[in-house]
Amino acid sequence: MSRQHLCCLSDRKRGFLKVQEVYLCLGLVVYDILELPTNPLGVRAMAKQKQLQNATSEHGMLHSPSVPQKTKELWFVDGETYAKSGQYKEALAAFKRVLLLDPNSADAYVNKGTMLYYLKYYQEALTDFEQALRLQPQCGPAFYGKGCIFYQLGLRKKAFAAFEQAVHSDPTVALFHVNKGFLLWTFRHYTDAFAAYEQATELDENMATAYMSKGNIAFYSLNWIEEALLAYHRVTQLAPRFVSAYAAKGSVLLRLRRYQEAIDTYEQAIKIAPHDTTIQQGRTKALARLPHRGSSQS
């Protein structure tokens, strides 16, 4: 899988979606608490009480009348905090406690499933995402989570179907379009993949990785040179230290025979990565093709 095509998170906040962090992977996100309709899960009171006692046993006085019980909202904040710092086991424990206090919380199931996904417990995570969908049938993040799991399990067609359902449930979330586009790219449906990334960048004009993927598809798969140049240029604006974007932009400028612009682009990259051989070779090639300068500079 190409590094530039890896699906990742953006820093866009849209609706209840709150993206916490950027990952070079098929990413999942942590969500805020939602106001959700109740849907009893049929958990027996005694079993629930037993789970609560087990979950809180490390805090010996937690059930004491003099010590206030921690609310589900506070447990949720704990879970988000742990998740942001990469402490997925601790975050998982916190989201489990949310569910002990509110077993009808679809967003808690999504976040619990997300932590299980990061811990590579894919089947358990899938169960949580399916439970979230039973509670909230149009829960886009749950469809999205299922898609990520199916992809990790090598079930690309199922992954694509799940990402399409995520897009259908909420077409305003850029990340859903990104992963749909990625799967379309793997199926070699390049025009449709480009359109999906185009939709993502329209929704989130600051998603550098979506622009990079759009540029790669345009340049390498569709031979849409001008579109590729625009996309790569946007990446250099959004991520000015991303050397690969300069290398790609330089390649496009070479193809267009805009040699001085290519040299300028490569020299920008050299300031960031002076020992990058790809950048050095690109600059040398551009200098050699520049009229009246090929023999005087190296």
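## Basis and overall content

Residues are numbered from 1 along each chain as its sequence is written, and side-chain values use heavy atoms, with hydrogens and water left out. Because the model is predicted, local features need pLDDT of at least 70 and side-chain atom pairs count only at pLDDT 80 or more, while totals for chains, interfaces and linings use all residues.

The chain holds 14 helices and two strands; these are DSSP runs numbered from the N terminus, helices being H or I with at least four residues and strands E with at least two. Of the 298 residues in the chain, 49% are buried (buried means under 20% relative accessible area, exposed over 50%, partly exposed in between, with a 1.4 Å probe and protein chains only). Among contacts in the chain with a separation of 6 or more, 53% are between residues 24 or more positions apart (contact means heavy atoms within 4.5 Å).

## Helices H6 and H7

Helix H6 (residues 140-152) packs on helix H7 (residues 156-169) at an angle of about 165°, with the axes 8 Å apart. That angle makes H6 roughly antiparallel to H7. Axes are lines fitted to C-alpha atoms, for helices over the stretch in contact, and angles run from 0 to 180 degrees between N-to-C directions; under 35 degrees counts as roughly parallel, over 145 as roughly antiparallel, 65 to 115 as roughly perpendicular and the rest as oblique.

H6 and H7 cross in a left-handed sense (the near helix is turned anticlockwise from the far one by less than a right angle; clockwise is right-handed). On the H6 side the contact includes Phe143, Tyr144, Phe150 and Tyr151, and on the H7 side Arg156, Ala159, Ala162 and Phe163 are among the residues involved. The residues of this contact divide into nine nonpolar, four polar and three charged (Ala, Val, Leu, Ile, Met, Phe, Trp, Tyr, Cys and Pro count as nonpolar, Asp, Glu, Lys and Arg as charged, and the others, Gly among them, as polar).

## Helices H8 and H9

Helix H8 (residues 174-186) and helix H9 (residues 190-203) also pack at about 165°, their axes 8 Å apart. H8 is therefore roughly antiparallel to H9. The crossing of H8 past H9 is left-handed. Residues of H8 including Val178, Phe182, Leu184 and Trp185 meet residues of H9 including Tyr190, Ala193, Tyr197 and Leu203. The contact of H8 with H9 is made up of eleven nonpolar, three polar and one charged residue.

Ala195 lies in H9 and is partly exposed, with a relative accessible area of 41%. Ala195 and Lys214 are 19 residues apart in sequence, and their C-alpha atoms are 8.6 Å apart in space.

## Helix H12

The 13 residues of helix H12 (residues 243-255) should span 18 Å at 1.5 Å a residue, which agrees with the 19 Å between its end C-alpha atoms. The expected span is 1.5 Å times one less than the number of residues.

H12 is mostly covered, with ten of its 13 residues buried. Among them are Val243, Tyr246, Lys249, Val252 and Leu254. The buried residues of H12 pack against helices H10 (208-221), H11 (225-238), H13 (259-272) and H14 (277-289).

## Positive phi values

Arg257 follows H12 and has a positive phi near 65°. Lys120, in the loop between helix H4 (106-118) and helix H5 (122-135), has a positive phi near 70° although it is not glycine. Lys120 is exposed, with a relative accessible area of 60%.

Asn223, also not a glycine, has a positive phi of about 60°. Asn223 sits in the loop between H10 and H11 and is partly exposed at 48% relative accessibility.
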